[in-house]
Amino acid sequence: MEQQLGYFLMSFSSFKMIFLVLAGTFAGIYIGAIPGLSVTMAVSVLITFTFAWDVNEALCLMAGIYCGGVYGGSRSAILLNIPGAPAAVATGFDGYPLAKLGEAGVAIGLSTTASVIGGFIGLLALATCAPIISDYSLMFASRDYFILAIMGLLLVGSLSGESLAKGVFAGALGVFLSMIGMDNVTGQGRFTFGSIGLMSGIHFVAIMIGIFGVSEALVQIHDLHIEPIKQNVKNIIPSWRLLFKHLPLIIKSALIGIGIGALPGAGGDIAALMAYGSASRSVKHPTRPFGQGAYEGVIAPETANNACIGGDNIPMLTLGIPGDAVTAVIIGALYIHGLKPGPMLMIDTPHLFWFWVGALTLANIFLLPLGLTGIKIFAKCVEIRKGLLLPIIIIISIVGTYGINNSIYDVYWMLGFGAFGYLLKMYGFQTGPVILGVILGPIMEDNYRRMMQDVQQSIPMFFWEFVSHPLTLGLVVLTLVMIGSQAGWWDKIKKSLSKTKSVQTEKS
Amino acid sequence: MENNTERKPGERFFILFLLALSLFILITAWFMPRQTYSDSGAFPLFIGFIMTLAVLRIFWKERKIFASWKWREERPLIQPYVFPKDVTVYIAVLLIYILVTGYMGFWVSSYIFLVGSFLLLKGAKPVRALITGAVMLAIIWLLFQYIFRIILW
C-alpha cells in the first residue's frame, strides 16, 4: 500500500512533472474550448512530439491535456453554443440559454466544480476497481477479448453516429487499415501490392493526425465566414449552498459517467447525454425548465463527462481495450513508450498504473483554479480567427507526422487520410470508429486466430465457445442488448409487444 | 437512430466509391492464403465482407433519398457542398507546399505556406501575416530543437 501511494505521489514530487501537468491542463482547457480543436487531435499530435521524452514526463503532459480537454469543451458550449468537444454537446442545451440570460459566469463556475467533483469520483472508481478487474481479467480468454473488441467497435459505431451502418463501416475500415503490412504470424504481406514500403504498414499516428487533425481543419474552412462572438463573463465561483443542493445529482451523474466510460467504445459524449437525459427525467423541481437554462442541465453532463475519464481508463488499463477515441489514442501513446496496457500492466509495471492515476488526479486538482480563472483570456482565445488557427494546426500536424520516422511518406499518408476523413465527415460518417478500428483490429484478429486454433478450425465449436462459458455468454448478451437497443428493429419489437399486450388486455 | 433524411449532394457517388473500395478489399482478400480459418486471408475476407454489407445497408436505408436526386439538380450542388472554392484552393496550396518542401527546405516553404494561408483564409492582413508566420516558425523551431528534440528536414 505504501509503495502504491509512493507511485501515486510521484508526479506530485517533481517540480518538472507538476509543471508539465499544469501546462498540459492549461493547454487542454484551451484546446478543448476552441471549436475545431479536439482533445483527440491534441493528444494524437502530441504523441509524435513526446517520442524522445522520458515516459513519466510524457504521461504527465498527456494526463493534463486529457483532463483539461474534456472539461474545456464546455466553455465554448456555454458561451457560443458550439461544443468544443463532443462530450460537451449536452452542456450547451442549458449552458447557452444560461449565457443568454446573462448567467454565463454561473454556468462556467458550475461546470468547473461539477467537472472537478465528477473527475475525482471517476478517479476513485479507477483506483479501486481497476486492480480488482485486473486480477479478474487474467481469467479472460481469447473469446472474451474478441467479444470485448467487437463490443467496443459496434458500440462506438452505433451510439455516436447518425447511422449504425455508417459507424460499422468506419470501424471496419479502421480494422482494414490495421491489417495493411506484414502479417505477424505468417510473415506474408497483406494489401501491400508488392510495395516493400507498405510491408511495415501505415503508422497509426499518421492515420490519427490525418483523420482528426487535417480533416477537421478542412471541415472548419466551411465556417470561415462566421464571426467570433464577443462575450462578457463574471460571477464565476458558485456558492457552497448551490453545490450542496446539487450534490445528489452530482453523485448520480458521476456514477452514470463511470458506468458508461467502463463500457468499451462508449465515451464522454454518450455519458453526458445519458446523464442529461436522466437528470431531465428525475429532477422534479429544476431551477428553470430543462433547455431554458436549468443549472441541473449543466451540472449533470459536466459531472458525467469528467467522471467518464476514470471509467474509460478501467477497460483501457486492465484489458487493453480503449473506452473511446481519446483512450484509443492514449493506448497508442503508451505502446510507443514501451508500455502494454492490459492484464499484465498491473503485474509488470504497477508503478505506471499508479503514476498515471496520480497524474490524472493532479490534473484534476489544477482544473479547479485554471477553470475558475482566466475567463477573459479564454474569451479572447475563442475569438481567434479560424483563418489564423487552421494553418497553424496544419503545420503542427505536418511537423508532428514527419517526426514519427523522419519520413515524408508518413506526411503523404497523413494528408491522404486527412482528405479521406474530410469526405467521410462531410457525408455523415464518424471518424472515431476508424481509430478504434485501427487499435482494436489487431486485438480482434489475434484473439480470433487463437480461438480458431484452440477449437481446431471447427466453426461449430467456434460458436459454441461463445455460449458455453458463462462470462463469454454474459458479454455476448450484453453486446447484443446494447447494440439492439440502438437499432431500429428493437423499437419495432417493443411496439409490436406493447400492441399484443394491449390487444390481450382488451380481450380479457 | 437511423433517421438521417438530409440530402447531401454527391453522397450517393461517395457511397458508390466506398462500395467499390469494399469490393476491392473483398476481392483482394479472396486471393490471400486461406487454407484454414486462421490463415492470413481469413480475417481480411471477413472485414471486407462486413464493409461491403455495411455500404449496401447504407444504400438500402437511403435509397429513397438517393432516388429523389435528379442528376441535373444535383450536379451543380456537389462542388459547392464538398469542394467549395476555399477548400479546393487550400487543398491545392497544401499539395504544392508538400511537393516543394523537398526542394526549398522546410523553413522557407513553411514560411511561405503559413503567410499565404493566413492571407488566403483571411486570418490576418499582410503585415500581421508576415509577423505571425515568422513568430510561429520561431516557436516551432524552439520547441522542436530544444524541447521535443525532433530534427526537421
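What share of the contacts in chain A with a separation of 6 or more comes from residues 24 or more positions apart? The share is 78%, where two residues are in contact if their C-beta atoms, placed from the backbone, lie within 7 Å.

1. Basis. This is a predicted model, in which local features need pLDDT of at least 70 and side-chain atom pairs count only at pLDDT 80 or more, while totals for chains, interfaces and linings use all residues. Residues are numbered from 1 along each chain as its sequence is written, and chains are lettered from A and ligands numbered from 1 in the order in which they are written.

2. Chain A overall. Chain A has 24 helices and two strands; these are DSSP runs numbered from the N terminus (helices H or I, at least four residues; strands E, at least two). Of its 508 residues, 60% are buried, that is, with 20 or more other C-beta atoms within 10 Å of their own C-beta, placed from the backbone.

3. Interface. Contacts link 54 residues of chain A to 52 residues of chain B. On the chain A side, helices H9 (164-179), H19 (386-405), H20 (408-426) and H21 (432-454) each supply at least two residues. That side comprises 34 nonpolar, 13 polar and seven charged residues. Here Ala, Val, Leu, Ile, Met, Phe, Trp, Tyr, Cys and Pro count as nonpolar, Asp, Glu, Lys and Arg as charged, and the others, Gly among them, as polar.

4. Core. The largest nonpolar core contains 194 residues; such a core is a set of buried Ala, Val, Leu, Ile, Met, Phe, Trp, Tyr and Cys residues joined through C-beta atoms within 7 Å. Helix H5 (residues 55-80) of chain A gives the largest share, 14 residues. This core lies between domain 1 (11-82) and domain 2 (85-147) of chain B, because both give residues to it. The bounds come from an automatic or database domain assignment, and the domain centres, taken over C-alpha atoms, are 37 Å apart.

5. A:Tyr66. Along with A:Val43, A:Met62 and A:Ala63, A:Tyr66 has the most contacts inside the core. Leaving out residues up to four places away in sequence, A:Tyr66 touches A:Gly28, A:Val39, A:Val43, A:Ile309, A:Val326 and A:Ile330.

6. Helix H15 of chain A. Ten of the twelve residues of H15(A) are buried, and A:Val326 and A:Ile330 are among them. After H15(A) comes A:Gly338, with a positive phi near 85 degrees.
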